[in-house]
Amino acid sequence: MSLIDSALVRLLPAVPKPVVQLFSSRYIAGATLAEAVDCVRGLNAGGAMATVDVLGEEIAREEEAWGITQTYRDVFAAIDTAALDSNVSVKLTGLGLDLSYEICRDNLLAVLEAARSYGNFVRIDMEDSSTTDDTLRLYRELREDGHDNLGVVLQARLRRTLDDVRSLADLRPSVRLCKGIYLEPSTVAFTDHEAVRANFLRSLDALLDAGCYVGVATHDEWLIGESLARIAQHGLRSLEYELQMLLGVREERRDELVAAGHRLRVYVPFGEHWYSYSLRRLQENPAMAGTIARATAGRVLRLSR
Ligand SMILES: Cc1cc2nc3c(=O)[nH]c(=O)nc-3n(C[C@H](O)[C@H](O)[C@H](O)COP(=O)(O)OP(=O)(O)OC[C@H]3O[C@@H](n4cnc5c(N)ncnc54)[C@H](O)[C@@H]3O)c2cc1C
């Protein structure tokens, strides 16, 4: 990222929302469940699976967390009615983790119950490192209570991740392994690109050695290649692992991987709380973020002349 781009990326929050929406629409299925269903139908037609995320990161009240929980029930019903190949991803803050562990647990149980009634599966996204302990604690509690239709996410960026793989191993968890999107201090996270990649592969090796089902979630070509090599070394067949990508990112490569016979799941976010998700995606893509910020800065400068 050039210095100019990184400076412009910091300006993104000042960009008018309609402009952000215009550029971020490729990363989001839409504001409504019907749009998410259409999006998943299209992905399924192209041979990809999906995981649907109800955007709701700015929860401040218990009723809002319950609202998200109810929306997940609707999502399972819609997946079933349309016979889609999709599970769901949930954020614990969306289910009320910042309000209380108990509220979040009750809401997650309601989502899990809905999933069970439709024979579906729930993956808990991993958020910033202040939530890791609670997330893994809740995951363990629910798995020990017999909720087998539940998976979790581990972030290669975090120094603790290899230890987390080892301490979860007795559960043979279904794990999405990703780099981790949250900017974390060097006390808890690797900040060097190569160190994150190395920890990704160490964690993947440990997960595969423990016999876990892994969703390899990266668009990093080098990591995709190294991960597939390890999967082949373990002799895994196509139903025994999956690749995962975000909606709107590296779509041509996605189609190639599907055509090569890999099961690939696309993360499909939808909902009214699209703004913070969009900012994160755009900030990851400096070329586009720079274009937007430049266009907006140009407009502001012209107006002030
Ligand atoms: C299915 C899925 C689920 C995820 N769930 C979580 C989660 O629960 N918790 C969490 O912290 N993180 C999650 N992430 C995000 C992840 O941690 C990374 O931040 C993100 O995937 C970028 O890292 P990368 O491995 O793709 O490598 P990068 O090195 O960041 O990207 C590799 C290449 O991919 C392309 N690319 C990446 N992002 C974009 C973009 N936004 N726009 C255009 N091109 C792009 C670029 O060509 C880039 O060079 C998830 C990612 C995926 C794919």
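Author: A definition comes first: the radius of gyration is taken over C-alpha atoms, and the globule rule is 2.2 Å times the number of residues to the power 0.38. Please keep in mind throughout that this is a predicted model.

Reader: OK, so what does that rule give for 305 residues, and what does the protein chain have?
Author: For 305 residues the rule puts a compact globule near 19 Å, and the protein chain, at 19 Å, agrees with it. Along the principal axes, the C-alpha trace spans about 65 × 45 × 40 Å.

Reader: And how much of the protein chain counts as buried?
Author: Of the 305 residues, 39% count as buried. As for contacts, if one takes those with a separation of 6 or more, 75% are accounted for by residues 24 or more positions apart.

Reader: What about secondary structure, how many helices and strands are there?
Author: The protein chain has 12 helices and eight strands. Eight strands close into a barrel with parallel pairing, in the order E1-E2-E3-E4-E5-E6-E7-E8, and the twist from one strand to the next averages 30°.

Reader: Where does H8 sit relative to that sheet?
Author: Helix H8 packs on the sheet, where it touches E4, E5 and E6, and its direction makes about 165° with that of E5. H8 comprises residues 193-209, and its 17 residues reach 25 Å from the first C-alpha to the last, close to the 24 Å expected at 1.5 Å a residue.

Reader: Which residues of H8 are buried?
Author: They are Asn199, Phe200, Ser203, Leu204 and Leu207. Seen down the axis of H8, these buried residues fall within an arc of 140°, so they line one face of the helix.

Reader: Switching to H6, how does its length compare with what is expected?
Author: Helix H6, residues 132-144, has 13 residues and reaches 18 Å between its first and last C-alpha, close to the expected 18 Å. In H6 the residues Thr132, Thr135, Leu138, Tyr139 and Arg143 are buried. They cover an arc of only 140° around the axis, which puts them on the same side of H6, whereas Asp133, Arg137 and Glu144, on the other side, are exposed.

Reader: What do the buried residues of H6 pack against?
Author: They pack against helix H5 (101-117) and against strands E3 (122-124) and E4 (150-155). H6 is followed by glycine 146, which has a positive phi near 100°.

Reader: E4 keeps coming up; is it mostly covered or mostly open?
Author: E4 is mostly covered, with six of its six residues buried. Leu150, Val152 and Leu154 point one way from the strand, Gly151, Val153 and Gln155 point the other way, and all are buried.

Reader: How does E4 pair with E3?
Author: The two strands pair in the parallel sense over two bridges, and arginine 123 has glycine 151 in E4 as its bridge partner.

Reader: Last topic: which value does phi take at arginine 172?
Author: Phi of arginine 172 is near 45°, which is positive although the residue is not glycine. In general, most residues other than glycine have a negative phi.

How values were computed. Residues are numbered from 1 along each chain as its sequence is written. This is a predicted model: local features need pLDDT of at least 70, side-chain atom pairs count only at pLDDT 80 or more; totals for chains, interfaces and linings use all residues. Helices (H or I, at least four residues) and strands (E, at least two) are DSSP runs, numbered from the N terminus. The expected span of a helix is 1.5 Å times one less than its number of residues. A residue is buried if 20 or more other C-beta atoms lie within 10 Å of its own, exposed if 12 or fewer, and partly exposed in between; C-beta atoms are placed from the backbone. The arc is that of the directions from the helix axis to the C-beta atoms. Two residues are in contact if their C-beta atoms, placed from the backbone, lie within 7 Å. Two strands pair if DSSP finds at least two bridges between them. Axes are lines fitted to C-alpha atoms, for helices over the stretch in contact, and angles run from 0 to 180 degrees between N-to-C directions.
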